[in-house]
Amino acid sequence: MIHKYQLKNGLKVILVQSHKSPVVSVQMWVRTGSADEAKGEEGISHFIEHLVFKGTEKFKVGEIASQIEGSGGELNAYTSFDQTVFYVTISKQFESVALDSISQMMGSPLFDPQEIDNEREVVVEEIKRGQDSLGRRASQLLFSSAYKGHPYGIPVIGYEKNVRSWSKKKIKDYFESRYVPRNMFLVVTGDFEKESMKKKVDSYFLPFRDLRVKRKKRKSVPKWPQGKVAVEKTEFEQSILYFSWPAPKIGHKDVAALEVMSLILGQGESSRLVQRLRIQEPLVNSIGAGVFSPQQAGLVMISSGLNHDKLAPTLQAISKTVADFLKYGVSEAELQKAKINLESDKYYSAETVDGWARQVGEAEFLVGNPKAFEAHNKAIRKVTPRDVLRLAKKYLNPKLALVTYVTNGSKEEAEKILKQSMKKFAQNSVTIVSTKDKGDRSLKLSGKKQKIKETGLQIKEWFGIRVLLYPIESTHTVAARAVMFGGTRAEEQGEAGLTELLGKTWLSGTHRRNEFQLSAEIERLAAGISPLTGRNSVGIGAEGLSFFEPQLADLFFDCLVNSTIPAEVVEREKIIQIEQIKSKKDNPAQICMRNFSRLLYPSHPYGSDMLGESEAVKGFTQLRVRDLLKKHLRRGNLTLVVSGAFNESIWKEALESVFESIPDGPKGKINHVYQPPTSSQKAFEISKKEQSHLVLGFSGLKMNDPDRYALHIIQSILAGQGGRLFLELRDKNSLAYSVAPLRTEGIERGSFGAYIGCSPEKTEKALSMMREEFRKLIEVKVPHEELERAQRYLVGRHDIDLQRTSAIASSIIYEDIYDLDPFETFNIGEKYFSVTEKDVQRVAERIFTQPEIISMVGPIDIKES
């Protein structure tokens, strides 16, 4: 039930009740974004997004985050071209805390001059971080080319010179002209009572002053740069290519059909582009299509990550795919698949209060009607193959295409190849040839919801296989997991990366379905079946809608037991995996973590890169991949879980049809001898990027160590916007945009530490401050209030995470296969609230007095005394 009304000061309020989970989301949507900024103001909306967290009339710096996280909630915000959104997700019993926090941030920010100066440094670090991101660079080239002279062509984050220039008066004046009741609306979703909530909303938001909104007339979108080619030379390993065309703004009658078109063209394994460029021939590392529909004119885009030496054949394949699309149109089967996937979002979004709030908020923001998503779904259902073809001809005109390309190859060579390719592309014929494929119209995204008896977690045995069942009545989704001991720990010498390759090839066909048939059928159900590969286990997972439960169960067990792993797919995926290994150089944070693991686990599989090494991957064969799966797939080594709105008999019968193909055998435990480092270790790797990346860590705990709950508490004390690392290193000292504790748990030993990405000249101070925070945990007893905040934060986040059926399935099965207590998923709070201040000190001493492991990647090394 959606209830919309307006306060006397002009603030619109939308209440959406959902009693599925005892959680509430409070979101404030502001009708201002970077596209509303004038010259010299570029980035001010994003800067204000940061500053409202930095103290209000009621709360000091860090207190809002501490209050939210201390109530088990999470808060954040984002700024886009068109809007800024602030949101809190929290347990229903603390809904007043969420309302209080949002009202203070939106109604009474202080904009303290010292805090403004501190936050300038943080945002500058964020800007530098963006310069080190290939994706950000490629996106910026696309938008600056497509929207030259328009605010959409300017980075939302703005420019460093602007961030360093704004005075408090400028910031406050801008805030008071845009962040006012008549330019905002409040969305509250979740488990609450409407009348009580309305009274609380009045008490917190009615005092807001009804200030006048300053409206800036936006520039018109510039003339489309048809046939333009833009190339940027970079030092990244991978290249990114965009094809783009002009598209209408949100609300236009063509948007629904364009979304259908882009899904058929480039979303999912069975889509046209993925099949031609990723599956049939591995020309690219990734490819997809999408529609950008903002308040003003948008884009239709095809994006691809590739190696520069594959540019010419990639262009040829994309051009051919688009030309065929324009010539032959789409089949009824493709159309139905697209419709079901787009419509299914209403069910998947409803799993979380945030999903509901986002769906309702976007509808209200874009068209002024919180129920507009229902009308949009109706428009999707009405789309015909003729509509898709008509709009493809209208919008995918080869002569109109804009091509942007970020590469480490020769700029001159790239421009030449692109221009030649675009000339040929523009000459392609678009004669229509009708398709006779009527497809399968039998599937419908509707049906009577079956009654589910919520019996709690049940543990059973089916045909010698351990099975865990957790029925949930208040959902339309079902999730399944099949997990076995394995993963990185089970790889033999020289096999690092083989488990990853198994994951890439596992779903490439069965004895009953080839690769295309398998992916098409999964996507036809708006479902997902994916590999689950990790350090300690291997398996597959499935998520889908209960309307299609019999088909999903059949597919799930077919994939689990009957995978063929064709030789040609193994060879194809080896190429992709080797390219992923190379492209890791584009992510210095990943390199930093990899080097940390190598130092901590020099002779243990945990020290291996899960992707492996290129030379070893080249030598992997179909037989080795098949043998790895055969080695793990045994009844005694297999555990199943099903959660959600499921019918037990459907899953049991589906397993019965294949279980004889699963050999009997014991649980596959492998014992490794692990000796933690006996002396401090350090690794430095040079990287010519804007930022340095630093990890300071130690040997951690085993998965079943009784001290693990206290270590979780320590992580919580350090983590989040109200945590010590954020407050000391970011809020007070402006060292970084990104700083966080790190924790892994292993069957032998895990790890614990902290990560920061910052300017090179700040790394020495960052390392010193990390050490200081660890030292204080040993020497100074944690205040009881801080301990309670950490405990509530962990319990609250756990409850928020378990809104999704798939998250419940994962939590249950991983507790179970590691011989922990699967029932702990539902009573973890007892463990956390039993941890004392003395426990925290004792475990901190146990961890932080061990030898240090330091890993750093950046332009310069640290000078250690």
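Residues are numbered from 1 along each chain as its sequence is written, and side-chain values use heavy atoms, with hydrogens and water left out. Because the model is predicted, local features need pLDDT of at least 70 and side-chain atom pairs count only at pLDDT 80 or more, while totals for chains, interfaces and linings use all residues.

Two packed helices are described by the angle between their axes and the distance between the axes. Axes are lines fitted to C-alpha atoms, for helices over the stretch in contact, and angles run from 0 to 180 degrees between N-to-C directions. On the H12 side, Lys-339, Leu-342 and Glu-343 meet Asn-377, Ile-380, Arg-381 and Lys-382 of H15, contact meaning heavy atoms within 4.5 Å. Four charged, two nonpolar and one polar residue make up the contact of H12 with H15. In this classification Ala, Val, Leu, Ile, Met, Phe, Trp, Tyr, Cys and Pro count as nonpolar, Asp, Glu, Lys and Arg as charged, and the others, Gly among them, as polar.

By class, the contact of H12 with H19 comprises three charged, two polar and two nonpolar residues. Glu-332 also belongs to H12. At 17% relative accessibility Glu-332 counts as buried, where buried means under 20% relative accessible area, exposed over 50% and partly exposed in between (1.4 Å probe, protein chains only). Glu-332 and Pro-385 are separated by 53 residues in sequence, yet their C-alpha atoms are 6.8 Å apart.

A further helix pair is formed by H2 (residues 63-70) and H29 (residues 784-801), whose axes are 7 Å apart at an angle of about 60°. That angle makes H2 oblique to H29. Ser-66, Glu-69 and Gly-70 of H2 meet Glu-788, Arg-789, Arg-792 and Tyr-793 of H29. The residues of the contact of H2 with H29 comprise four charged, two polar and one nonpolar.

Helix H20 (residues 549-561) has 13 residues and spans 18 Å from its first C-alpha to its last, close to the expected 18 Å; the expected span is 1.5 Å times one less than the number of residues. Ten of the 13 residues of H20 are buried, so this helix is largely enclosed by the rest of the structure. The buried residues include Leu-552, Phe-556, Phe-557 and Cys-559. In helix H7 (residues 168-178), the buried residues are Ile-171, Tyr-174, Phe-175, Ser-177 and Arg-178. These residues pack against strand E3 (23-30), H1, helix H3 (95-107) and helix H4 (113-131).

His-46 lies in helix H1 (residues 44-51) and is buried, with a relative accessible area of 6%. The side chains of His-46 and Glu-126 are joined by a polar contact of 3.2 Å; such a contact is a pair of N or O atoms within 3.5 Å, in which, within protein, one must be able to donate a hydrogen and the other to accept it, and residues adjacent in sequence count only if both atoms are side-chain atoms. Beyond its neighbours within four places in sequence, His-46 has contacts that include Thr-79, Val-123 and Val-156. Val-625, in helix H24 (residues 622-632), is buried at 0% relative accessibility. Leaving aside neighbours within four places in sequence, Val-625 is in contact with Leu-498, Leu-501, Leu-502, Thr-505, Ile-565 and Val-570.

Most residues other than glycine have a negative phi. Phe-111, however, has a positive phi of about 55°. Phe-111 is in the loop between H3 and H4 and is buried at 4% relative accessibility. Phe-463 likewise has a positive phi of about 55°. The loop between strand E12 (458-462) and strand E13 (465-471) contains Phe-463, which is partly exposed at 23% relative accessible area.

Technical notes. Helices (H or I, at least four residues) and strands (E, at least two) are DSSP runs, numbered from the N terminus. Angles under 35 degrees count as roughly parallel, over 145 as roughly antiparallel, 65 to 115 as roughly perpendicular and the rest as oblique.
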